[in-house]
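Open the model in your viewer and keep the selection panel at hand. The tour goes stop by stop.

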Amino acid sequence: MEETRIGVFVCRCGTNIGGFLDVPALVDYVKGLPFVVFSQENMYTCSETGLTEIKSAIVEKRLNRVVVASCTPRTHEPLFRSVCKEAGLNPYLFEFVNIRDQCSWVHMQEPEAATEKAKDLIRMGVARAKLLEPQEEIEVGVIPSALVIGGGIAGMTCALSLGDRGFEVILVEREKELGGHLKNLHKLFPIQEDASKLIERKRMDIAKNRNIEVLTSAKVEGINGFFGNFDGTVKQKGKDIPFKAGVIIVATGAEEFKPIGMYGYDGVKVVTQLELERILSEDRLSVKNIVMIQCVGARNEERNYCSKVCCMTALKNAMRILEENPESQIFILYRDMQTYGTFNEDFYRKAREKGVIFVKYSLQKPPVVNKRLVRVFDEFLGEELHLPYDLIVLSTPMIAHPDSDELAKMLKVPIDEYGFFLEAHVKLKPLDFATDGVYLCGSAHWPSTVSESIAQAYGAASRASIPLSRRHVITEPIIAAVDEEKCIGCGLCEIICPFKSIRIEESPNGRIANTIVASCKGCGVCGAACPQKAITMNHFTDEQMLAEVVALTTER
Amino acid sequence: MIVESRKVVMVIGGGIAGIQAAIDLGDMGIKVHLIEKTPSIGGRMAQLDKTFPTNDCSICILAPKMAECFRHPNVTLHTYSEVKEVLGVKGDFSVKVLKKARYVKEAECVGCGDCSAKCPVRVPNEFDFGMRRRGVIYLPYLQAVPMVMTIDRDNCLYLTKGVCKICEKVCTREAIDFEQKDTEIDLNVGAIVVATGFDPFDPTGLSEYGYKRYKNVITALEYERLVCASGPSGGHLIRPSDRKPAEKIAFIQCVGSRDVKNNPYCSTVCCMHSTKEAVLAKEHDSNVQSYVFYMDMRAVGKGFQGYVTRSEEEYGIKYVRGRVAKITEDLERNPIIWCEESDSPTAVKTKVDLAVLATSLIPRRGMEELSKILEIELDAYGFIKTASLEPFDSSREGIFVCGCCREPVDIPESVAQASGAAARAAEIVAGGFS
């Protein structure tokens with residue numbers, strides 16, 4: 001048997017690790033661990049220098065196991081694995097030890113104890129590395145079609161982009177017609193085009209595109225399968241329609257918060273911005289004094305977020321009203337005007353020039369509405385204003401769609417504290433879910449303007465088109481392996497598998513559990529439950545895990 | 001049938017947007033030429049210390065992307081290169097790219113830095129805004145990609161005066177090549193993605209803030225370098241005048257932005273980066289007291305408002321609403337912030353150790369020249385004009401735009417847009433897949 005030769009790289013991560021842990025001491029300590037033949041520190045192991053050093057150490061020191069003690073496997077494990085692969089080492093002979101997120105960052109105040117903990121962590125990693133075995137990656141075919149859930153502007157744009165590139169798309173919309181919230185909008189910001197024209201154009205393009213199948217009045221009922229090979233049913237008018245898709249895009253949008261019981265909201269004299277849009281599009285606005293109140297039900301304790309689009313909506317509608325009826329008097333009561341960017345800020349300036357009056361109020365002193373007047377404490381003047389009104393318009397936030405929870409469970413993807421879908425990485429993976437093959441765009445992710453929804457829809461189309469173009473995906477071989485000799489076919493694993501990824505099959509040797517490699521997530525539930533200990537988790541065997549525990553409890 | 005040579009896209013700009021666009025296109029099986037003007041990809045994100053609202057270390061999450069881009073079999077990197085000519089139409093552009101001589105053989109150099117250490121001429125380094133000096137032969141920063149030295153021809157003794165060549169003697173790999181010439185590369189591409197990013201606005205002209213006149217008035221990007229572990233002070237939050245720890249810090253918003261005399265638009269990211277920078281100061285030293293002087297607190301993105309609330313409640317950051325009128329300096333070189341708070345009628349003077357200016361994001365220098373080469377229109381502010389309902393389409397068919405060169409945006413928005421522009425480009429070059 002080949003002699004085990006472990007190389008350990010300890011990363012300073014600038015001062016993220018190096019500022020708190022005694023990195024030279026760690027490198028020194030590592031030298032004394034069994035089977036470690038090489039160790040060094042790097043300023044940044046992930047820099048080209050660091051990576052080159054790993055590669056040359058693999059070759060020159062004949063390493064057959066590599067341990068990197070650094071930031072987090074979430075962002076960096078794929079990189080280090082691929083570097084091992086480039087140097088001819090099986091990527092599963094690489095072990096990651098997290099000494100930043102789980103050590104230096106959380107123990108900043110106790111550098112000495114943290115250094116001791118890092119020693120423990122590295123010792124455990126080295127013990128596990130000794131027992132690692134090479135694994136072969138699994139290639140799975142991808143069904144070249146996409147399921148787009150939600151037929152608003154985001155879903156329509158995404159479907160069209162994919163359809164135009166020749167991928168088959170199933171576009172599912174719960175309402176009778178495509179269009180989503182655009183159907184309720186009058187004009188679009190800031191270009192003042194009719195929303196209906198945009199919907200019409202997209203609908204026509206979709207109708208012409210032979211790759212797109214549209215299912216309206218339809219709801220996704222069940223989703224099974226896995227990345228590249230999803231299947232399930234869509235319920236349409238009582239009928240079950242089966243679908244198959246390689247990827248899924250969530251574009252289900254959001255809802256407008258209804259301010260029941262706030263500021264005398266009655267839908268007649270006190271309305272929401274969305275209701276005002278309808279009044280405007282039906283051309284039945286005939287009042288002069290209008291007061292708009294921003295942040296109604298937003299940026300407060302219950303909903304501590306800015307809904308992003310409401311300031312622009314208020315500006316757009318105010319300008320529209322002034323254009324139709326220059327005699328109108330419009331007050332916008334706001335806390336902070338959220339006109340970020342170039343267009344939006346320009347529009348805000350134009351609105352002031354046009355005569356819209358902006359009054360700043362604070363969360364502590366919100367406006368008070370009575371039958372005749374809005375009383376508001378103007379923060380700039382330091383005085384209370386009494387504003388007579390004919391119509392009050394409340395700018396309320398977008399809130400997550402009530403169905404999103406159910407859909408999230410079906411897709412096994414997370415939602416955030418406000419019910420919006422949660423992306424894989426806040427900074428660098430804004431349109432992907434942590435679940436492979438499922439993508440996200442538009443207001444289902446976070447309140448977005450029409451233009452931003454379109455932008456994100458193209459982005460999600462791009463992300464989704466990658467596996468569709470490649471026609472196959474590589475999945476990690478970290479899956480349950482069944483020992484046919486030991487398996488008695490009891491079926492316990494099949495019952496408890498949360499991913500429906502192991503099932504009992506008839507074989508010449510009798511009933512035996514079989515793993516569906518492409519969908520197995522390697523969670524280990526089956527392995528823990530198996531009464532025969534017939535199931536081993538590849539890359540996380542009992543021996544490997546126990547070696548870590550033993551290493552932890554054996555003081556050195 | 002698509003001609004094979006046209007299944008190629010050129011991406012201009014190697015910041016996070018350009019990197020993401022190149023990786024997405026490459027992953028779709030489309031060949032990409034990524035053109036970057038400076039010696040390394042990475043762009044502005046590489047200069048940031050942490051990112052909001054998660055306080056993720058910026059270079060730590062960027063570096064794997066840079067490496068992925070560099071190693072991508074479908075992506076060819078052209079660093080230290082500029083686009084000089086674009087002829088043709090959507091689906092069939094002929095492009096001339098000027099690859100500037102580094103005077104270093106890319107295949108030989110490993111970026112060890114021995115040459116730089118021995119270089120007798122030291123000049124201010126661009127990456128740290130001159131807060132540190134570099135050799136004339138240099139690596140822009142530690143994680144640069146490619147990891148190759150570059151000789152700055154304007155300051156090199158040999159190239160300007162014909163003497164020195166110390167680097168050549170020091171280099172054990174014989175990687176220095178003073179005979180290297182600028183070369184022209186011809187590319188045939190089907191679509192172009194422009195992702196040239198932004199420059200920070202130079203506030204020297206706004207004399208009321210005293211930038212450059214007062215040592216302890218710095219810009220936000222300079223502050224990012226200052227608090228960064230790999231930065232000029234090794235991550236110690238010290239003020240430039242006397243290198244003493246800064247314990248009272250003022251963050252001044254809208255410097256150059258929302259200002260009709262300079263940049264009338266909102267730069268979008270500054271409310272959040274100042275909040276983050278104030279949080280970082282507190283994390284560096286729990287005695288720090290920070291003030292943010294602002295007009296409107298624009299925390300529109302996911303998790304942003306919660307971040308601002310936390311910064312107030314947990315980190316004790318004080319938000320002062322009001323546009324700063326001027327900054328003066330006392331005898332100890334402490335900046336004094338003059339501001340009329342909007343909710344009280346009196347002007348308040350706040351003495352601090354360090355003042356940080358949140359300057360506008362403006363289009364990259366050279367944007368106008370590039371727009372002429374690309375024959376695309378710019379907006380009133382010099383950003384690339386795009387249609388609102390086709391947000392990536394420039395005025396010339398087949399040329400798409402993403403990131404801060406179309407409007408100031410934060411990192412996730414840049415990344416999302418980069419993917420979106422990649423989709424638009426792919427619709428042209430890879431159309432009709434089945």
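**Stop 1: a pair within one helix.** Select A:Asp346 and A:Arg349. Their side chains form a salt bridge, with N to O at 3.3 Å. A salt bridge here is a side-chain nitrogen of Lys or Arg within 4 Å of a carboxyl oxygen of Asp or Glu. Both residues sit in helix 10 (residues 342-354) of chain A, and because they are three residues apart, about one helical turn separates them. Helices (H or I, at least four residues) and strands (E, at least two) are DSSP runs, numbered from the N terminus. A:Asp346 is buried, at 17% relative accessible area. A:Arg349 is buried too, at 17%. Buried means under 20% relative accessible area, exposed over 50%, and partly exposed in between (1.4 Å probe, protein chains only).

Before moving on, some ground rules. This is a predicted model, in which local features need pLDDT of at least 70 and side-chain atom pairs count only at pLDDT 80 or more, while totals for chains, interfaces and linings use all residues. Residues are numbered from 1 along each chain as its sequence is written, chains are lettered from A and ligands numbered from 1 in the order in which they are written, and side-chain values use heavy atoms, with hydrogens and water left out.

**Stop 2: pairs in chain B.** Select B:Lys100 and B:Glu82. Their salt bridge has N to O at 3.4 Å. B:Lys100 lies in the loop between strand 7 (92-99) and helix 3 (114-118) of chain B, and B:Glu82 in strand 6 (residues 81-89), so the pair ties together parts 18 residues apart in sequence. B:Glu82 is partly exposed, at 23% relative accessibility.

Now go to B:Glu427 and B:Arg424. The closest N and O atoms of this salt bridge are 2.8 Å apart. Both residues lie in helix 10 of chain B, three residues apart, about one turn of the helix. Over all chains, the salt bridges come to 69.

**Stop 3: the interface.** Show both chains. How many salt bridges are there between chain B and chain A? The count is eight. One of the pairs to select is A:Glu345 with B:Arg258, whose side chains meet at 2.9 Å, N to O.

The contact (heavy atoms within 4.5 Å) takes 80 residues from chain B and 81 residues from chain A. Across the interface, 32 residue pairs are in polar contact, both residues at pLDDT 80 or more. A polar contact is a pair of N or O atoms within 3.5 Å; within protein, one must be able to donate a hydrogen and the other to accept it, and residues adjacent in sequence count only if both atoms are side-chain atoms. On the side of chain B that touches chain A, helix 10 of chain B gives the most, with twelve residues.

**Stop 4: a serine in a loop.** Select A:Ser501, in the loop between helix 13 (492-496) and strand 26 (502-507) of chain A. A:Ser501 counts as buried, because its relative accessibility is 1%. Its side chain makes a polar contact of 2.8 Å with the side chain of A:Ser519. A polar atom of the A:Ser501 side chain also lies 3.5 Å from the backbone nitrogen of A:Cys520.
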